[in-house]
Amino acid sequence: EPPDTPEDFSCQTQDMKRVTCTWTEGETYLYGDNAPRYTLSKTSSQKIALCAASCPKKCSCSWDIGQQRIWNVTLTVENPLGRKTATDVFHVKHRMYPTAPLQVWEDSTDTEITLHWNYERNGIELFWQTEVLQPDGEVELHNSSDVDSRHKRVTVHGLQPYTEYTARVRCAAAKHFWRWSEWSKPLTIRTKEGTPSGKLDIWREVTPVLGGRNVTLFWKKTPSFQANGKIISYVVTWEKLEDGSKPESISFSSVCNSTRIFIDNHSYRISVMAKNNANFSLPSVLIISGAPDNGRKILFCLFLGTEELKEGRVNGTDDGILISWEPRSIYDSYIIDWFKLPRLQPGDLQWTRFGPHTSSAVISSAAFVPGVRYKFHIYGSVANKASLLEKKIGYLRELPPRGDPSVRKVDLTYNSVTLSWDSYHPNESEPGFVRGYHVYVSPIQGNCSLKGSKKHILSGNAELCKYTIENPEEKRYTVKHLMPNTQYKIVVKAFTGGGETPIDDFIYIDTPYNSNMLYLLFLLVIVPTLVAAVCHWKMKWVKECCCPVIPSPNKSKVLSFSEYKIDSEKVLKINDCIPDVLAMDRNDEAQKL
């Protein structure tokens, strides 16, 4: 193919002494003696080449310009199939492409970096640009004008102390911008240490002891605290407020975040400061109020009517543990501290602060574990003096109890069973609050349908009767409406907010016969049968006893005499027998006798 017009043809200078033109070589599919030939010449005299073209990757051609500043050059490309040209007209000062700054060095303070470099002057005013790469990846560009000196420098302000930055420099012509130079080699710089900004977040735990109190101090860095260097130590200072005694202080290594000091029962001001190689941070202050000595403490509490705060219960959420409290207008902030139970060491105390208008918060911590009980204290603070307001206990998520109550006694009747067990006592290591018990009952044969119960279906579709006891202090329950002479399986399960353990260990019982039914059967069947048998056996005797023949006086042997008769009736002679009582029936009959 014939050659195309050269693309990207342009000329520029880096030192105002020599011009270099560049262009992109086209494809003609001709090689060897037939390959394209490039010629760069003045447009006014194209027969005289200015330079020899070289095309390793991108074609270029350079020549010395001498004192000439305006140039009109033509690039000619030809092969046996054709010829094309390209022209460029330019002023040398308008085509300045500076070289990259070399030998860059720096000096710094805690908030500034100054970059230095040397640059050969070539009569062109340059414009400098400094790129600063922040630790978070953000890039800042700082522009500066040229100074009339071989030694160049630029200062970048507003940096963070003891922070690593990466900087580099480039330049371009100030009056007739053509293009930026290449960047200098990047330089990694760390600013010097500065005074720590902000304050540490400090907290305390006070334990009364004989003669005073042990105060365990804790401190941590807040998001607003900037070390501005490498923390080398922490300084704890405490002083008595009443008599203005000389403060005491002690320094701790940078790896420490707590300590314990002993103070008497007076009020104390305690402060903690962080120290780096430059200076101390501002002090964080706590006021520990005075306390009555141990000999008067009980009387003091009774006099004030002080009562032990009751522990409320709190619930876990998907995000943490929800804590709420009654706000008081006198406090300027609130502090919640917490630790897990049972508490094995005092160093596991955590705390967080809230503003004066807050009355609830979700406490989140990566250390929260389901099935572990945590204890929370809520304090109100004013003028660095804290007062305990409320206590709470709770779980991130409750789990089923580790064990079930041990049934120690079973009392049976023909239609009921009474179970007795040892009730649960509050246990800090329990994986949940025991809220009550479930009693499950089922006959060995068939399904359960006892009055007053609810159905509970096991995984194998077996049915149980379920009774719920919502008092965790209860330790006795009677299951009624059982069938006599029947075998039952029964189990007692404790439940928490996390449920209960699987049902697998039953107690088996056999209800006795109904003795009342046997007695009634004896009365209604056995006794009448025996009586009937006896009566049948002694029929004559029974008849004589129960239905005797009424005697007739006329047939009596006693009246067998014949001497006295009144009409046809026999008359008994008085002297023939000795009566117990003699009574006259009728007076008229007596007159006849």
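User: Before the counting starts, what qualifies as a helix or a strand here, and how many of each does the protein chain have?
Analyst: Helices are DSSP runs of H or I with at least four residues, and strands are runs of E with at least two. Applied to this predicted model, that definition gives the protein chain a secondary structure of four helices and 38 strands.

User: Which residue is joined to Leu341 by a cis peptide bond, and where is its place?
Analyst: The peptide bond in question has an omega of about -10 degrees, and it is cis.

User: Is Met16 buried or exposed?
Analyst: Met16 sits in the loop between strand E1 (7–13) and strand E2 (18–24), and its phi is near 60 degrees, a positive value in a residue other than glycine. Buried means under 20% relative accessible area. Because the relative accessibility of Met16 is 8%, this residue counts as buried.

User: Is Ala383 buried or exposed?
Analyst: Ala383 belongs to the loop between strand E27 (373–382) and strand E28 (385–395), with a positive phi near 55 degrees although the residue is not glycine. The cut-off for exposed is over 50%. Since the relative accessible area of Ala383 is 57%, this residue is exposed.

User: What share of the contacts in the protein chain with a separation of 6 or more comes from residues 24 or more positions apart?
Analyst: A contact requires heavy atoms within 4.5 Å. Among contacts in the protein chain with a separation of 6 or more, the share from residues 24 or more positions apart is 64%.

Terms used: Residues numbered from 1 in each chain as written. Predicted model: local features only at pLDDT ≥ 70, side-chain atom pairs only at ≥ 80, totals over all residues. Heavy atoms only, no water. Buried < 20%, exposed > 50% of the residue type's maximum accessible area, 1.4 Å probe, protein only.
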